[in-house]
Amino acid sequence: MKLQYAKGWAAVFASAFFFYLATATIRWAQSSVSIEPAFFVFGRFALGFVVVALSMAIQRRSPRVHRARFLAGRTISNTLAVFFFYQAVETTTVANANILNMTYPIFVALIAWFFVREQRDGVAMVMVPAAFAGIWLIVAPGGGQWDWHNGWGLASGITASFAIIFLNLTRKYESAETTLFHMFGWGALIIWGMFHDRIHLPNAAELYYLSLCSIFGVGGQYLLTYGFRYVTAVEGSIITSMRILLAAVLGPLMVADPALTPSGWLGAVLIFLANVVLAVRKTRQAKRAEL
């Protein structure tokens, strides 16, 4: 049991690192090829669909849907979140994109406050303003002018919060494989329909970066799914949120990003702490509801 627990921790942490590497690949690609963020998103979804479809075929599982409206909400919001995320990597720094993408727990708490009476929590609402202060320190470091390119990262966090809400609703009726099958498949079609003029048969160099980014992205998804079998929701959320600190530390080392300013570090830490507190409070609420 201890070995499985350790494997769970390692898998969730590795997923955070893989998700970071997927974004780092986009930055590495800029030095030698010109690939639109939409092409990276399409590649990730296409590879994910092939992997899940093959897995379900081998296991002879049906992708039948029981609640299409929840799955549609999950698919659309997740597709937008990934596109906004990759767009943020393209136009800002890898650190800012990852940190702002990881604000989604804050927006989940904010949405729950307005629409789910049972989940209203005074402590959580104290953390939300603290987290927004952290967001401001990231998008306008040192109290300077707002960089509107950071809006892509913030949009990814907001849409990811809706993706998480729809995921919770979807998982009440659909298996993980069915959810991923439709999310990857329809997500690829949505991106193709919106950006087909930017998606083409890649040359060798483009295929290398597209494949690398897709493998890291899909691998991170599977590592996360595997790891959450053996760790608690709080532990998983905390480890996942460590991508904030990973991005802050690794940016200058791996993608030649400028180092975060002291105010930027303060912003990253505030967002990280808010995520930790919100995860703990959510679990305690769930335990009280079971009593």
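1. Basis of the model. The structure is a predicted model, in which local features need pLDDT of at least 70 and side-chain atom pairs count only at pLDDT 80 or more, while totals for chains, interfaces and linings use all residues. Residues are numbered from 1 along each chain as its sequence is written, and side-chain values use heavy atoms, with hydrogens and water left out.

2. Overall fold. The protein chain has 12 helices and zero strands, where helices (H or I, at least four residues) and strands (E, at least two) are DSSP runs numbered from the N terminus. Of the 291 residues in the protein chain, 49% are buried; buried means under 20% relative accessible area, exposed means over 50%, and partly exposed lies in between, with a 1.4 Å probe and protein chains only. The accessible surface of the protein chain comes to about 14,200 Å², and 68% of it belongs to carbon and sulfur atoms, with areas taken from the Shrake-Rupley method with a 1.4 Å probe and, for residues, only the protein chains shown counting as cover. Among contacts (heavy atoms within 4.5 Å) between residues at least 6 apart in sequence, 87% join residues at least 24 apart.

3. Helix 2 against helix 8. Two packed helices are described by the angle between their axes and the distance between the axes. Here the axes of helix 2 (residues 37-59) and helix 8 come within 8 Å and cross at roughly 145 degrees; the axes are lines fitted to C-alpha atoms, for helices over the stretch in contact, and angles run from 0 to 180 degrees between N-to-C directions. The contact involves residues of helix 2 including Phe-42, Phe-45, Phe-49 and Met-56, and residues of helix 8 including Phe-181, Phe-184, Ile-191 and Trp-192.

4. His-182. This residue is found in helix 8 (residues 176-195) and counts as buried, at 13% relative accessibility. Leaving aside its neighbours within four places in sequence, His-182 is in contact with Pro-63, Val-65, Leu-71, Thr-75 and Gly-187.

5. Salt bridges. Side chains of opposite charge can pair when their charged atoms come close. The rule used here asks for a side-chain nitrogen of Lys or Arg within 4 Å of a carboxyl oxygen of Asp or Glu, and by this rule the count comes to three salt bridges.

6. Arg-27 and Asp-257. The side chains of Arg-27 and Asp-257 meet in a salt bridge at 2.8 Å, N to O, which links distant parts of the chain, with Arg-27 in helix 1 and Asp-257 in the loop between helix 11 and helix 12, 230 residues apart. Arg-27 counts as buried at 14% relative accessibility, and Asp-257 is also buried, with a relative accessible area of 6%.

7. Glu-36 and Arg-198. In this salt bridge the closest N and O atoms are 3.7 Å apart. Glu-36 lies in the loop between helix 1 and helix 2 and Arg-198 in the loop between helix 8 and helix 9 (204-227), so the pair ties together parts that are 162 residues apart in sequence. Glu-36 is partly exposed, with a relative accessible area of 36%, and Arg-198 is partly exposed, with 35%.

8. Arg-61 and Glu-177. The side chains of Arg-61 and Glu-177 meet in a salt bridge at 3.0 Å, N to O. Arg-61 lies in the loop between helix 2 and helix 3 and Glu-177 in helix 8, so the pair ties together parts that are 116 residues apart in sequence. Arg-61 counts as partly exposed at 41% relative accessibility, as does Glu-177 with a relative accessible area of 23%.

9. Nonpolar surface patch. Val-249, Leu-253, Trp-265, Val-269 and Leu-273 make a nonpolar surface patch of about 440 Å²; patches are made of residues with over 30% relative accessible area and no salt bridge, like charges being joined within 9 Å and nonpolar side chains (Val, Leu, Ile, Met, Phe, Trp, Tyr) within 5 Å. Helix 12 gives the most to the nonpolar patch, with three residues, while Val-249 lies in helix 11 and is partly exposed, with a relative accessible area of 43%.

10. Loop residues with positive phi. Arg-60, in the loop between helix 2 and helix 3 (68-91), has phi near 55 degrees, a positive value in a residue other than glycine, and counts as exposed at 80% relative accessibility. Ala-256, in the loop between helix 11 and helix 12, has phi near 60 degrees and counts as exposed at 68% relative accessibility.
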